[in-house]
Amino acid sequence: MPTFLVERVIPPAFDIADPAVVALHSRWAADAYQAAGIAWLGGVATDKGNMFSLVVADSAGDIARYCASLGIAEADYKVSEVKAAMGPHVAMARTDPRFRPPRKP
């Protein structure tokens, strides 16, 4: 199944500085994604007023239906299909003969 990055505006009632509010919104998101048949892998909130979630779904249309069911306007979210995973979990071993240190500026 494809993986998608969902970007949306942080709702006004979502105080990201309050751990209890973050926990409540996380529960709501987990339950709503599950009910829509979408696997939520987690997300982050930024100081720019946006939230990003990584999800696995059959299609971007499933995510659009999920957002519509929550009353999220199309203009308030963006969906991008993930084409490659990056991070320490896929990092090349330093012992690999193809490894080279990063260039210094």
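Author: Helices (H or I, at least four residues) and strands (E, at least two) are DSSP runs, numbered from the N terminus. This is a predicted model, in which local features need pLDDT of at least 70 and side-chain atom pairs count only at pLDDT 80 or more, while totals for chains, interfaces and linings use all residues. Residues are numbered from 1 along each chain as its sequence is written, and side-chain values use heavy atoms, with hydrogens and water left out.

Reader: What is the order of the four strands in the open sheet?

Author: Two strands are said to pair if DSSP finds at least two bridges between them. Here the order is 2-3-1-4, and the pairing is antiparallel. Strand 2 (39-45) and strand 4 (77-81) each have a single partner strand and stand at the edges, so one side of each has no neighbour in the sheet. On average, neighbouring strands are turned by 20 degrees against each other, direction ignored; for such angles, axes are lines fitted to C-alpha atoms, for helices over the stretch in contact, and angles run from 0 to 180 degrees between N-to-C directions.

Reader: How many bridges join strand 1 to strand 3?

Author: Seven bridges join these antiparallel strands, and Thr-3 stands opposite Val-56 in strand 3. Strand 1 (residues 3-9) also pairs with strand 4, over five bridges, where Leu-5 has Ser-80 as its bridge partner. Strand 2 and strand 3 are paired over six bridges, with Trp-40 partnered by Val-55; in their hairpin, which has four residues between the strands, Gly-49 takes a positive phi near 85 degrees.

Reader: Which strands does helix 2 lie across?

Author: Helix 2 (residues 60-69) lies across strand 1, strand 3 and strand 4, and runs at about 160 degrees to strand 4.

Reader: Which residues form the stacked pair?

Author: Rings of Phe, Tyr and Trp (its six-membered ring) pair if their centres lie within 6.5 Å, and planes under 30 degrees apart count as stacked, over 60 as edge-to-face and the rest as tilted. The whole structure holds two aromatic pairs. The rings of Tyr-33 and Tyr-66 have centres 4.1 Å apart and planes at 15 degrees, so this pair is stacked. Because Tyr-33 lies in helix 1 and Tyr-66 in helix 2, the pair ties together parts that are 33 residues apart in sequence.

Reader: Which element supplies the largest share of the lining of the largest pocket?

Author: A pocket is an open set of points on a 1 Å grid over the protein atoms alone, where a 1.4 Å probe fits, with protein on both sides within 12 Å along at least five of seven lines, and lining residues have an atom within 4 Å of a point. Helix 1 gives the largest share, seven residues, while strand 1, helix 1, strand 2, strand 3 and helix 2 each supply at least two. The lining has 23 residues, and Arg-8, Phe-14, His-25, Ala-29 and Met-51 lie nearest the pocket's centre.

How values were computed. Contact means heavy atoms within 4.5 Å.
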